[in-house]
Amino acid sequence: MTDPFVVIGGDAAGLSAASKFAREAPDRDVIVFEKGEWVSYAHCGTPYYVKGTVERLTDLLSLSPEQAAERGIDLRRNREVVGVDTDAETVTVAHDDETFSQPYSDLLVATGARAVTGPIPGTELDGAFTMHGLDSAAAVRAALSEPGDSGVDTSIEYVDTALVEKYTDWEPPERVAIVGGGYVGVEMAEAFRAHDIETHLFQRSGNLLPPFGEAVGERVADQLQEQGVVLHLDTAVEEIVGDRDERVAAVAHDSGTTDVDLALVGIGIRPNTALVADTPVDLGDSGAIAVNEYGATSVDGVYAAGDCAEDRHTVTGEPDWVPLGLTANRAGRAIGQTVAGDPSLVGDIAGTAVVKAFDLECGRVGLLDREQASANGFDPVSKTVTAGSRSGYYPGGDDTDVTLVADRKGGRLLGGAIVGEDRAAIRIDTLATAIEADMTIDELEQLDLAYAPPFSPVWDPVLVAAKVLNGQLE
């Protein structure tokens, strides 16, 4: 074995790094340890698998174990790294009740994140789920299917058949509770309603999709209610209540109790950093692993990427933790190239994200929260405008709400959010590009964006918002 590059974690960041490294340094070995069966899958597609838009679990695989082997990657599934010794440059791996030591020349920690369930009691009950991983998605789909037909292809070698079979004989739920109104909660509301299930969504705050701002949250709330979702805003779930068979029977909250047959908890994730807790690897203020612009940690030869690591925010210039798919893939690829001998920047992040809420498209980027912007030394000014998505005489258009946030001093664009039914999400990329370029509102207003009646009015909604906010700054 020649100067092995060892990767802990076989998903987006880990296999992106391993793939790039294998191409660039074919004379060195790359070993990926993954504690589970599934590798390199599209986590963001799981709600659409539950809904039925995606037919097969394997459709969510980006890279199969066989394809990894073809790329020269030594992928070892069902091997959990349980210890890291940065002095000896070894990792301890557990497999089949035994452990062994694996030396490394370079190490990438790509352990991802875990779903948060506490402090809500009852998440261990049958019928209580998180949407974190393909086995979770398979179990939920089985619970929604008719008895005797899980709706899951259990011949797939990676599937946790015991978990799926556990729910195969369940009667489909008539009423479900979703705890949390973020990405997972909103997307799963759509999935459950597609199965004609009475869906109750509980959100501790008064706003859905908090990172997207109030304007987006309000339209999403209206959309969900139009689609039959029962919203419980400003309502904190205190407990998931079980019956005598330890199955979900209700959710208890600060407004009473709601009987349900199934509960889906989506209240956030936390970085998996326990593996480096007893090492000199530093954590950042967010609790994720601190890294430099090349993804290197505080220990020579040790890197971190993906949902377990911080990145530098392009607006503040400070470390931040915003776990998203592109961030993980991009950082992993850059680290693979760096370890192969060609130093490559992992890139800054702007928190660019989009989410679908039934017919609504929502996007956000940069700093939208006024308190966060102020804490980073800015004097934020914001404005929300509504403009048509196409020329008024052309059919198919929709009102598009655009929120822009700028720094009063100098007019620098700090953040933005967009919501609407007609190609609203893709417009967030204009704002993401502007933020990466450190544009001012005045410069944003002067962009030469495309116009044709089927696609946009003469003044694109982004330009309208920039013009209005620019007038407020002058």
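Asp-401 is classed as buried, with a relative accessibility of 11%, in a model that is predicted rather than determined by experiment. The side chain of Asp-401 meets that of Arg-219 in a salt bridge, with an N to O distance of 3.4 Å, and this pair links distant parts of the chain, since Arg-219 belongs to helix 7 and Asp-401 to strand 24, 182 residues apart. Arg-219 also forms a salt bridge with Asp-398, for which the closest N and O atoms are 3.4 Å apart. Because Asp-398 lies in the loop between strand 23 and strand 24 whereas Arg-219 lies in helix 7 (residues 214-226), this pair ties together parts that are 179 residues apart in sequence.

The count of salt bridges in the model comes to 19. Among them is the pair formed by Glu-24 and Lys-20, whose closest N and O atoms are 3.2 Å apart; these two residues are separated by about one helical turn, because they stand four residues apart in helix 1 (residues 12-24). Glu-24 is partly exposed, at 42% relative accessible area, whereas Lys-20 is buried, at 8%. Elsewhere, Glu-37, Arg-77 and Glu-157 are linked in a network of salt bridges.

The loop between strand 23 (380-388) and strand 24 (399-407) also holds Tyr-393, which counts as exposed because its relative accessibility, 61%, is over the cut-off of 50%. Together with Tyr-394, Tyr-451, Val-458 and Trp-459, Tyr-393 makes a nonpolar surface patch of about 560 Å².

Strand 5 (residues 90-95) is joined to strand 6 by six bridges, and Val-93 has Phe-100, in strand 6, as its bridge partner.

Thr-338, placed in helix 8 (residues 325-339), is buried, with a relative accessible area of 13%, and, when neighbours within four places in sequence are left aside, Thr-338 is in contact with Tyr-294, Tyr-303, Pro-343 and Ser-344. Pro-319, found in strand 20 (residues 319-320), is exposed, with a relative accessible area of 53%; under the same exclusion of sequence neighbours within four places, Pro-319 is in contact with Glu-310, Asp-311 and Arg-312. The C-alpha atoms of Pro-319 and Ala-288 are 9.9 Å apart in space, the two residues being 31 residues apart in sequence.

Terms used
Residues are numbered from 1 along each chain as its sequence is written. This is a predicted model: local features need pLDDT of at least 70, side-chain atom pairs count only at pLDDT 80 or more; totals for chains, interfaces and linings use all residues. Side-chain values use heavy atoms; hydrogens and water are left out. Patches are made of residues with over 30% relative accessible area and no salt bridge: like charges are joined within 9 Å, nonpolar side chains (Val, Leu, Ile, Met, Phe, Trp, Tyr) within 5 Å. Accessible areas come from the Shrake-Rupley method with a 1.4 Å probe; for residues, only the protein chains shown count as cover. A salt bridge is a side-chain nitrogen of Lys or Arg within 4 Å of a carboxyl oxygen of Asp or Glu. Buried means under 20% relative accessible area, exposed over 50%, partly exposed in between (1.4 Å probe, protein chains only). Two strands pair if DSSP finds at least two bridges between them. Contact means heavy atoms within 4.5 Å.
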